[in-house]
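Q: I am new to this structure and would like a careful, close look at a single part of it, with some setting first. Could you take me through how the nonpolar residues are placed?

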Amino acid sequence: MLLVGLVVVLAGLAGAVSVAHLPSYGAITATLTWATLISLVAVGYIVKVRVRIRSTNHDIAWTETAIVIGLAVSPAPVVILATGFGMAIATTLAGISPIKKAFGIGKNMLVATAAGLVLQVFDWPAAGSGLGETAVPLALAYLAAVLLDELVTLPVISMATGTSLRTLFREDWGLRISAAVARLVVIISTVLLINIDFRLLLAVPPLMLSLHLLYSARIRSRTEQQVWQRLAQTTDALNVVELDEVLTTAVTRASELFSADEVEVELGDDDRVVRGGTEGVTYDGPADEPTAVQGAVVPARLEGHDKTVDVGMLRLRFRGPVKLSEREHYTLYTFASALCTAIRNAQAYAELARVAQAHAHDATHDALTGLPNRRHLLEAGNDHLQQRHADGVSALVLIDLNHFKEVNDTLGHTAGDQMLAAVAERLRAAAHAEDLVARLGGDEFAVLMRALPAPAVAAHRAETLLAALHEPFDIEGMRINVEASGGIAAAPATGGMVELLRRADVAMYQAKRTGQRVATYASARDTADLGRLTLGGDLPRAVADHEFTVNFQPIVDLGTGEVIAAEALARWRHPTHGMIDPLRFLETVERSGLLPAFADAVLDQALIAAGTWRDAGFDVPVAVNVSPRSLLDARFPGSVLARLRAHDLPPDRLILELTETLTLSQLDVVDQVLTRLRDAGVRLALDDFGTGYSSLSLLSRIPLHQLKVDRSFVTAMESSTEAAAIIRSTLDLGRSLDLAVVAEGVEREAQRHALWELGCTAGQGHLFARPLPAGTLLAALQRGTGDRTGCLAVALHDAGAVVRLPQGRRQGGRGRHQPA
């Protein structure tokens with residue numbers, strides 16, 4: 001306002017001086033001169049190009065051109081006053097506000113004054129009539145007019161729009177210079193034409209109109225080009241994956257692109273609004289917070305080109321009234337569509353990142369307790385051990401719950417899960433902030449303690465952890481006490497987490513054997529484990545050199561002596577230690593990571609043997625023992641079925657023998673693996689039945705075909721009524737569930753007869769044959785007993801004789817070939 005007032009005051013002084021120096025004209029001449037000058041200024045103002053900055057429209061007019069032409073043909077005082085009258089008439093007709101009218105009149109009177117002073121310096125029009133004498137004064141007068149106009153107008157625009165002077169000065173400066181040159185040419189040409197013949201002045205209006213139209217077209221073309229360039233740059237800037245960055249870019253770029261005072265983006269699904277301008281985001285929060293910018297609002301829906309997706313609303317806010325042009329509306333629609341796509345892409349990326357993070361978390365954490373799992377423990381532990389921290393030592397405590405299977409058997413799996421979750425919570429609460437608490441599987445937990453001041457502190461911390469489990473747990477309304485055993489091992493110099501975990505495992509089993517609650521690893525007591533570790537180092541070579549061999553123990557029909565199946569038993573033919581029994585190396589194989597290769601090697605040899613027997617006329621199924629850890633591998637069924645196809649054997653010629661491992665049988669992946677094998681036709685048998693904690697519960701989960709009575713019951717059945725009762729109950733159970741039953745460890749004929757009388761029709765043991773190589777067993781089948789091939793024992797009754805079957809001996813209608 002001060003600048004406007006100063007301009008008006010200075011213009012008033014210029015007008016007063018001009019009144020004092022007005023020349024005298026005749027009536028006609030005065031009327032013509034004043035009318036011409038006033039009209040020329042008024043038309044120069046009305047014929048203009050309009051540019052919008054924010055909510056304010058700014059006009060680029062021909063006023064300076066009209067003023068300089070007027071000064072060229074009339075005295076300066078007349079032109080100054082005529083400029084004031086002409087601007088007053090033009091601004092009144094245009095409906096300009098009083099303050100803008102005052103500023104426009106005052107500014108242009110000062111422009112006329114400055115240009116008139118320049119011409120007076122050159123003693124215009126007495127300087128001559130040549131081109132040089134005409135062009136130089138007029139050029140300098142026009143330059144003075146333009147510079148004064150810029151110096152007065154740009155600060156007012158800057159204060160009104162909040163745009164910096166530097167930005168306004170640099171904006172379209174090339175176009176402004178070219179327009180000024182063109183207008184100077186019009187001024188000089190007009191003056192030269194008037195000097196030649198005043199009647200040639202009639203050619204000036206068409207020339208000015210043509211130049212105006214050309215300049216207007218160029219302004220529009222340049223503006224559109226800049227708009228599309230900025231739009232392209234803006235849409236490129238929106239191609240980021242972070243939603244916050246997309247919204248920040250949107251409000252800042254849109255504010256510049258549409259010259260808006262504020263840009264608002266509202267996300268419908270998130271109840272979120274982001275507002276800002278060219279300086280950045282000013283608000284980011286709930287949609288109910290009002291904006292400080294009051295005035296015109298131009299909305300645009302954030303929807304795709306097909307209008308099927310609507311993510312929110314884009315609003316342009318202006319402090320005054322604004323009406324966008326058709327081109328600006330189309331630009332706004334294009335920008336809103338691009339912003340909609342960018343928001344959807346950012347939201348999709350955020351969802352993918354969330355899912356990936358969830359999957360990564362699930363892969364390294366236990367689903368039941370939320371604790372890190374074995375994989376996470378190994379990875380984080382190895383990273384920690386490799387850093388070799390100087391601020392302390394590291395130790396691992398391995399904790400195993402005693403008799404946890406009894407909780408499952410008595411209260412069910414739901415109660416067992418509650419117990420595990422409660423144990424995990426107590427361990428987490430008792431551990432220090434720098435400790436890593438993990439669940440390794442089943443009822444086994446581990447705590448990696450870091451930055452210990454001394455190894456001896458680990459024992460005290462381990463006692464604290466186990467003491468946290470001493471208080472009873474409230475499970476389904478009952479108070480249950482939990483006992484646990486712990487093994488402590490300090491971080492070794494070599495071997496990393498695998499060796500640390502092995503040592504803690506050794507210490508834990510030492511605690512169980514000695515009845516202690518906690519035991520610390522001692523290398524002197526690790527002789528068995530050292531031997532196992534030595535064998536473990538030989539495993540890769542043993543697998544590569546095919547040192548594992550398979551012998552087969554036949555399963556026979558107890559009544560006829562006919563071989564109805566054969567169990568594959570692996571042996572390790574070690575080049576140094578000789579033949580090694582599976583009990584000595586199976587656990588090492590399972591822990592080594594070579595279990596899949598070992599299982600594949602055994603399965604291949606078993607299937608090759610079955611194929612050889614079949615080609616020789618003996619269609620004998622083969623039974624193969626399966627490690628519980630194999631059942632945790634979802635790829636295991638595919639590997640088994642692929643080998644059956646490779647050896648051209650029907651799936652029902654393979655029997656997979658499972659051990660009673662309650663913890664594994666509770667896992668969903670085990671159920672899926674066994675169901676897939678069963679559905680494919682592979683037969684499943686439960687080995688050593690009756691020795692585990694959960695025999696009956698396993699039968700309800702595993703899709704079995706066969707039960708194998710443990711040899712301990714067969715050995716004791718003649719002297720123990722309890723053992724005989726267990727066998728009888730197992731046979732009754734098998735009949736009721738339509739399962740075949742095989743007795744293991746049949747070593748004497750009396751046992752064979754006793755089992756037959758109880759209703760057991762199949763058995764295996766040294767009475768019929770010890771484990772034999774595949775070729776030796778085939779020779780025994782071909783040789784047979786007496787004149788009967790395929791038999792390894794004489795029949796309990798003659799062929800064709802009437803036989804009294806033991807009561808209820810027929811098991812599910814399977815006959816004598818039930819194990820197959």
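A: Among contacts (heavy atoms within 4.5 Å) in the protein chain between residues at least 6 apart in sequence, 69% join residues at least 24 apart. This is a predicted model, in which local features need pLDDT of at least 70 and side-chain atom pairs count only at pLDDT 80 or more, while totals for chains, interfaces and linings use all residues. Residues are numbered from 1 along each chain as its sequence is written, and side-chain values use heavy atoms, with hydrogens and water left out.

The protein chain has 27 helices and 23 strands, taken as DSSP runs numbered from the N terminus (H or I, at least four residues, for helices; E, at least two, for strands). Of its 820 residues, 47% are buried, where buried means under 20% relative accessible area, exposed means over 50% and partly exposed lies in between (1.4 Å probe, protein chains only).

The part to look at closely is the largest nonpolar core, which has 74 residues; such a core is a set of buried Ala, Val, Leu, Ile, Met, Phe, Trp, Tyr and Cys residues joined through side-chain atoms within 4.5 Å. Helix α19 (residues 595-615) gives the largest share of this core, nine residues. Phe552, Trp613, Leu654, Leu656, Leu704, Ile727 and Leu755 are the residues with the most contacts inside the core. Leaving aside residues up to four places away in sequence, Trp613 touches Phe552, Ala566, Phe618, Val620, Ala774, Leu777 and Leu778. A second, separate core of 43 residues includes Val41, Ala112, Ala115 and Val191.

In helix α3 (residues 63-73), 10 of the 11 residues are buried, among them Ile67, Val68, Ile69 and Leu71. In helix α10 (residues 243-257), the buried residues include Leu243, Val246, Leu247, Val251 and Leu257, and this helix is followed by Ser259, whose phi is positive, near 50°.

Nonpolar side chains also lie on the surface, where Val121, Phe122, Val136, Leu140, Leu143, Leu147 and Leu151 form a patch with about 650 Å² of accessible area together.

Note on methods
Patches are made of residues with over 30% relative accessible area and no salt bridge: like charges are joined within 9 Å, nonpolar side chains (Val, Leu, Ile, Met, Phe, Trp, Tyr) within 5 Å. Accessible areas come from the Shrake-Rupley method with a 1.4 Å probe; for residues, only the protein chains shown count as cover. A salt bridge is a side-chain nitrogen of Lys or Arg within 4 Å of a carboxyl oxygen of Asp or Glu.
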